[in-house]
Amino acid sequence: MEIILDHLRRMRELNSVYEATDEHDRNVLMMAAAKGRLEIVKLLSNYQGLSKDKLWKAKDDEGETARDYAVSRKKNDIVD
């Protein structure tokens, strides 16, 4: 994931991380939070050039955020 982010940064396409969603408007942070992938959540939250507020405040088509996914799936390490 870090290699992908580095590549996007070099290509000046890092904003594509915000726009890359699935058919339910879930972004990569939501999917990582739902699966309990703490290392990916940390990377996305701390990666230089990405706005963690923008990722964490994004909502899917049902109005859920990445934190909502983590809470509903009892991924407490991510919620913390």
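This is a predicted model: local features need pLDDT of at least 70, side-chain atom pairs count only at pLDDT 80 or more; totals for chains, interfaces and linings use all residues.

Q: What does aspartate 22 form a salt bridge with?
A: Arginine 26. Their closest N and O atoms are 2.6 Å apart, so the pair meets the 4 Å cut-off.

Q: Aspartate 22: buried or exposed?
A: Buried, at 17% relative accessibility. Arginine 26 counts as partly exposed, at 24%.

Q: And which residue pairs with glutamate 39?
A: Arginine 37, with the closest N and O atoms 2.7 Å apart. Glutamate 39 is partly exposed, with a relative accessible area of 46%. Arginine 37 is also partly exposed, at 41%.

Q: What about arginine 9?
A: Arginine 9 bridges to aspartate 6, at 3.5 Å between the closest N and O atoms. The two are 3 residues apart in helix 1, which means about one helical turn separates them. Arginine 9 is partly exposed, at 42%.

Q: Switching to rings. How many aromatic pairs in the whole structure?
A: The search finds 0.

Q: What lies over the face of tyrosine 18, then?
A: Lysine 54, at 4.3 Å from the ring centre.

Q: Now helix 4. Which residues are buried?
A: Helix 4 spans residues 38–46, and its buried residues are Ile40, Val41, Leu43, Leu44 and Ser45.

Q: What covers them?
A: The cover includes helix 1 (2–10), helix 2 (16–19), helix 3 (28–35), helix 5 (52–57) and helix 7 (76–79).

Methods: Residues are numbered from 1 along each chain as its sequence is written. Side-chain values use heavy atoms; hydrogens and water are left out. Rings of Phe, Tyr and Trp (its six-membered ring) pair if their centres lie within 6.5 Å; planes under 30 degrees apart count as stacked, over 60 as edge-to-face and the rest as tilted. A charge sits over a ring if NZ of Lys or CZ of Arg is within 6 Å of the ring centre and within 35 degrees of the ring normal. Buried means under 20% relative accessible area, exposed over 50%, partly exposed in between (1.4 Å probe, protein chains only). Helices (H or I, at least four residues) and strands (E, at least two) are DSSP runs, numbered from the N terminus. Contact means heavy atoms within 4.5 Å. A salt bridge is a side-chain nitrogen of Lys or Arg within 4 Å of a carboxyl oxygen of Asp or Glu.
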